[in-house]
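Here are a few notes to read with the model open beside you. Take them one at a time and find each spot as you go.

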Amino acid sequence: MINIVLYKPDIPQNTAAILRLSACLNLKIHIIEPCGFNLEDTRFRRVAMDYIKLSQIVRYSDFKSFIEKNSRSRIILMTTKSKKIYHQFKFKKNDFLLFGRESAGVPDEMHKKIKDRLKVNLSGKARSLNVAMTVAIVASEALKQNNFFK
Ligand SMILES: C[S@@+](CC[C@H](N)C(=O)[O-])C[C@H]1O[C@@H](n2cnc3c(N)ncnc32)[C@H](O)[C@@H]1O
């Protein structure tokens, strides 16, 4: 199963869209808190609809506890600061794809700790994609490469 990791997500609508995607494509979601909104909030749960119940979600209080619990897994950071392009990378079936927060990405020390860092090439002067769009693009490639689409 492909794993999607959200680092301190800020925007409830993005997280809700990613939860819906995860329920539809059988992705496991890992959320590193604190989030910029309350995951228990009824308004968030309304946006996420019944997909929240169909999703597999694991929550962590911080990055340290996420790393401790997944120390044997391969973690791949998605960042605009990488030189490597995602579709030239060979994904494995239990990879963890880590996405930064909407307002600030991930801290520099996380960049240094994570060896595999990838980007989606953008045209012109565009700075970055919406995080939910990035999850959809990269998860699709990882699923396709590992024959999850039958
Ligand atoms: C809106 S972006 C964050 C922008 C933030 N200002 C920054 O400097 O990182 C949110 C997350 O989406 C992912 N992302 C967005 N565009 C991307 C791209 N072109 N390549 C790789 N990841 C991208 C990254 O994980 C990023 O941390």
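1. Start at β2, where K28 is the bridge partner of N3. Strands here are DSSP runs of E with at least two residues, and helices are runs of H or I with at least four, numbered from the N terminus. β1 and β2 run parallel and are joined by five bridges; two strands pair if DSSP finds at least two bridges between them. To get from β1 to β2 the chain passes through α1, and this β-α-β crossover is right-handed: with the strands pointing away from you, the path from the first strand over the helix to the second runs clockwise.

2. A word on the source: this is a predicted model, with local features needing pLDDT of at least 70 and side-chain atom pairs pLDDT 80 or more, while totals for chains, interfaces and linings use all residues. Residues are numbered from 1 along each chain as its sequence is written, and side-chain values use heavy atoms, without hydrogens or water.

3. Now look at the other neighbour of β2. Strand β3 (residues 56-60) runs parallel to β2, with five bridges between them, and there K28 has Q56 as its bridge partner. Four of the five residues in β2 (28-32) are buried, meaning under 20% relative accessible area with a 1.4 Å probe, protein chains only.

4. Next, helix α6. It covers residues 131-145 and spans 21 Å from first C-alpha to last. Its buried residues include V131, V135 and L143, and among the elements covering them are β1 and α1. Just after α6, N147 has a positive phi of about 55 degrees.

Methods: Expected span 1.5 Å × (residues − 1). Buried < 20%, exposed > 50% of the residue type's maximum accessible area, 1.4 Å probe, protein only. Contact = heavy atoms within 4.5 Å.
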